[in-house]
Amino acid sequence: MSIWWSLHLRREAASVPLARRLLLGTMESAGVDPDISYDLSVALTEACANAVEHGGDTGHGGSSEAYRVTAYLDGEKCRIEVADSGPGFTGRQSLRPSHSEAEHGRGLYLIRELADHVQIGNKPGRGGAVVSFDKILKWKNDAQLMAV
C-alpha cells in the first residue's frame, strides 16, 4: 500500500488544522494505529505552525504567501515534509526549548520527540526551510489498507 498527497497552502493559521485533518483522515482510512496518527499529527501541526510564522520574507525583497506539505504512507513508514520559502534556518535554532515554560521554540523539539527520524535544513537555490520527519507505522487489527 502506498498513499501520498501534497498541499500548497497559504501562510495563514487556518491552513494548519486543514493539513492536520487531512493527515488524520488519511491515516484513519488506511487503518493506522490512532496513537501513531496522533503523534504524527502533532508533529505536522508544529511544522506547519513554524512555516506559517517563520516562512515569509525571503530576504530577496519579496515574501512568500504559501508553503507546501507532502505526506507519504509507503509500506511500513510515513514520511512528512513541510517546506516554505522563508529565510531558512540560520543554525541558531535549537532542538530543545530554552525552558519548559517557553511559548516559542518547542516545535522542533516536539517534532524530534514524536518522530523516529527528523531532517531539518534549507532548500537549495531560492531559499526556505525544509522539515521532514518519518515514523514507523503500526496498524489496527482490522486495517483495510495495511502494508503487506
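Predicted model: local features only at pLDDT ≥ 70, side-chain atom pairs only at ≥ 80, totals over all residues.
1. **Start at Met 27.** Find Met 27 in helix H1, which covers residues 15–30. Is Met 27 buried or exposed? Its relative accessible area is 0%, and buried means under 20%, so Met 27 counts as buried.

2. **Look at what surrounds it.** Which residues does Met 27 touch, once its neighbours within four places in sequence are left aside? The contacts are Val 32, Ser 37, Leu 40, Leu 73, Cys 78 and Leu 137.

3. **Step back to the two helices.** Helix H2 spans residues 34–54, and its axis comes within 9 Å of the axis of H1, with a crossing angle of roughly 155°. An angle over 145 degrees counts as roughly antiparallel, so that is how H1 and H2 are arranged. The crossing of H1 past H2 is right-handed.

4. **See who meets whom.** On the H1 side, the residues that meet H2 are Ser 15, Val 16, Ala 19, Arg 20, Leu 23, Leu 24 and Met 27. The H2 residues they meet include Ser 37, Leu 40, Leu 44, Cys 48 and Val 52. What kinds of residues make up this contact? There are 12 nonpolar, four polar and one charged.

5. **Now the salt bridges.** Side chains of opposite charge can pair when their charged atoms come close. This structure holds four salt bridges. One of them joins Arg 10 and Glu 12, whose closest N and O atoms are 2.9 Å apart. Glu 12 is partly exposed, at 38% relative accessibility.

6. **A bridge from helix to strand.** Asp 39 forms a salt bridge with Lys 135, with 3.7 Å between the closest N and O atoms. This pair links distant parts of the chain: Asp 39 belongs to helix H2 and Lys 135 to strand S5 (residues 129–136), 96 residues apart. Lys 135 has a relative accessibility of 10%, so this residue counts as buried.

7. **A bridge from strand to strand.** Asp 134 pairs with Arg 79 in a salt bridge, the closest N and O atoms being 3.0 Å apart. Here too distant parts of the chain are linked, with Asp 134 in strand S5 and Arg 79 in strand S3 (residues 77–83), 55 residues apart. Compare the two ends: Asp 134 is buried at 8% relative accessible area, whereas Arg 79 is partly exposed at 23% relative accessibility.

Conventions:
Residues numbered from 1 in each chain as written. Heavy atoms only, no water. Helix = DSSP H or I, 4+ residues; strand = E, 2+ residues; numbered from the N terminus. Buried < 20%, exposed > 50% of the residue type's maximum accessible area, 1.4 Å probe, protein only. Contact = heavy atoms within 4.5 Å. Axes fitted to C-alpha atoms, helices over the stretch in contact; angles between N-to-C directions. Parallel < 35°, antiparallel > 145°, perpendicular 65-115°, else oblique. Left-handed = near helix turned anticlockwise from the far one by under 90°. Nonpolar A, V, L, I, M, F, W, Y, C, P; charged D, E, K, R; others polar. Salt bridge = Lys/Arg side-chain N within 4 Å of Asp/Glu carboxyl O.
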